[in-house]
Amino acid sequence: MKLNFQNRIAFYYLIATSAISLLVFGFIYFIVKSTVYESLDKNLTFEANKHLLEIAVEEDTVFFTHKKEWEEIEHREVQINPVFLQLMGLRGQVMDKSPNLKGDSLVMNQSASIDEHYDTKLNNRPIRQVHIEIQENGKTRGYIVAALPLEASIMVLSNLMKTLLILFPISTLLLFFISRYLAGKSIAPIATIINTTNSITKNNLDERVALPPHRDEIYELSTSINGLLDRIGEAMEREKQFTSDASHELRTPLASLRGTLEVLVRKKRNIEDYEEKIHDSLNEVDRMSKIVEQLLFLARNSQNKPYKEQGKAPVTVLVDEILGRHQKLIKDRKLSVSLNADQSGDHMVPYYYGNLILDNVVNNAIKYSRYRGKVEINIKEEGGKYHCYIKDEGIGIKEEDLSSIFNPFFRSQPLDHKEINGNGLGLSIVKKAADAIGADINIKSQFGAWTSVCIRFS
């Protein structure tokens, strides 16, 4: 059976309430029945014991002593709920009976014990009956049998049963519609969420699901969906940024590469010209590869492997490796590079992010240093933090440009140093990598004199 969510909730609620209603109705019926029979049995016992005092015993015969008074009462009054009485001998023979029995006789159930109440029939009419012993001087002389009609009680119980049987399906049907209505009211916010999420496309990704006033499960669901939309929006924005940056930054090297190749095929050249142009083309290819790699890092930084799961290395070891990789450039520029570290040089930092930060900063210090300049690297502990200072004697950065140096593709005074390769992505990568591991970057500079970068590792 396929039911929608609203009807399914109503159906489950209906099953539970129907079961409870059935138990309650059954409990009511059996309580009423027990009360009616208890009242009947109490009256029967009372009547039997009361008339036990109006019995006389003569030899082997027992009889009622006030029978004529009963007959007069029977003539004067109409008994609505008569009590039938009958005296019986030890062998079950009828010795005397109340006038209201007339030609009928009560049949004593021999298997029933003394003072046990049971149902039987009198002239095909249901009665409740009991018998107790007639004793004289400690000897049993017979039995007095008392009975009451059951028709009125059975009619009351029958009417109660019919009423409950009619009420049960009616109440069940009403409960279904009520529970269906309440279920519809309860899931109305979900319908709103579905409509809102269905209306969101890439063109209106900034829309969000309205939060309900109460902090319940629906509120948590709405918050989760909004969080998911935020993440999807950020991913799409990164994709747009990557596409835009890649198309902008790759256009220039591709145009340069195309121009070089066109010049190369325009006429026959000697082998030295071919080698020179091919080297120029390879440099452009390397430049494009580096740009793509850096753009991918910036676009997918949040998807990188968590740094806590990465390997670690001492700061000094990382700096030493980086200086080794840039040894050729250091020699070409005849730079004087010094590395000083105290015991904090052994401080462990995440290898991937630490290498990314230090490599970009050291590379900038080397690239932008003046010919025969100095690069000083000092690693030390200050205030419980591990600091790495990298200072160069280079062209410096204008004070007004310091606030923009972490923006992607920003380069301070690029036309003044066109001979230095760069795309303005290095410090953006440094900033994102530092944020990823909780490190701080602080840059100071004096234009035309020096630049100092302080990296503080936690």
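This is a predicted model: local features need pLDDT of at least 70, side-chain atom pairs count only at pLDDT 80 or more; totals for chains, interfaces and linings use all residues.
I then looked up what kinds of residues make the contact of H1 with H3, and they divide into 20 nonpolar, 10 polar and two charged.

Next I turned to a sheet. I recorded it as an open sheet of five strands in the order E9-E11-E12-E14-E13, with mixed pairing. Which strands stand at the edges? They are strand E9 (336-341) and strand E13 (440-446), and each has a single partner strand, so one side of each is left without a neighbour in the sheet. I also noted that neighbouring strands of this sheet are turned by 15 degrees against each other on average, with direction ignored.

I followed strand E12 through its partners. Strand E11 (residues 374-382) and strand E12 (residues 385-392) run antiparallel and are joined by eight bridges. Within this pair, I found Lys380 with His387 of E12 as its bridge partner, and Glu382 standing opposite Lys385 in E12. The hairpin of E11 and E12 has two residues between the strands, and there I saw that Gly383 takes a positive phi near 60 degrees. How many bridges join E12 to E14? I counted seven, and these two strands also run antiparallel; here Cys388 has Ile455 in E14 as its bridge partner.

I then asked which helix lies across these strands, and I found that helix H9 (residues 351-367) lies across E11, E12, E13 and strand E14 (450-457), running at about 25 degrees to E12.

My last entry concerns the neighbour of H9. Helix H10 (residues 426-437) packs with H9 at an angle of about 150 degrees, with their axes 9 Å apart, which means that H9 is roughly antiparallel to H10. On the side of H9 the contact is made by Tyr353, Leu356, Ile357, Asn360, Val361 and Asn364, and on the side of H10 the residues include Leu427, Val430, Ala433 and Ile437.

Note on methods
Residues are numbered from 1 along each chain as its sequence is written. Side-chain values use heavy atoms; hydrogens and water are left out. Two strands pair if DSSP finds at least two bridges between them. Helices (H or I, at least four residues) and strands (E, at least two) are DSSP runs, numbered from the N terminus. Axes are lines fitted to C-alpha atoms, for helices over the stretch in contact, and angles run from 0 to 180 degrees between N-to-C directions. Contact means heavy atoms within 4.5 Å. Angles under 35 degrees count as roughly parallel, over 145 as roughly antiparallel, 65 to 115 as roughly perpendicular and the rest as oblique. Ala, Val, Leu, Ile, Met, Phe, Trp, Tyr, Cys and Pro count as nonpolar, Asp, Glu, Lys and Arg as charged, and the others, Gly among them, as polar.
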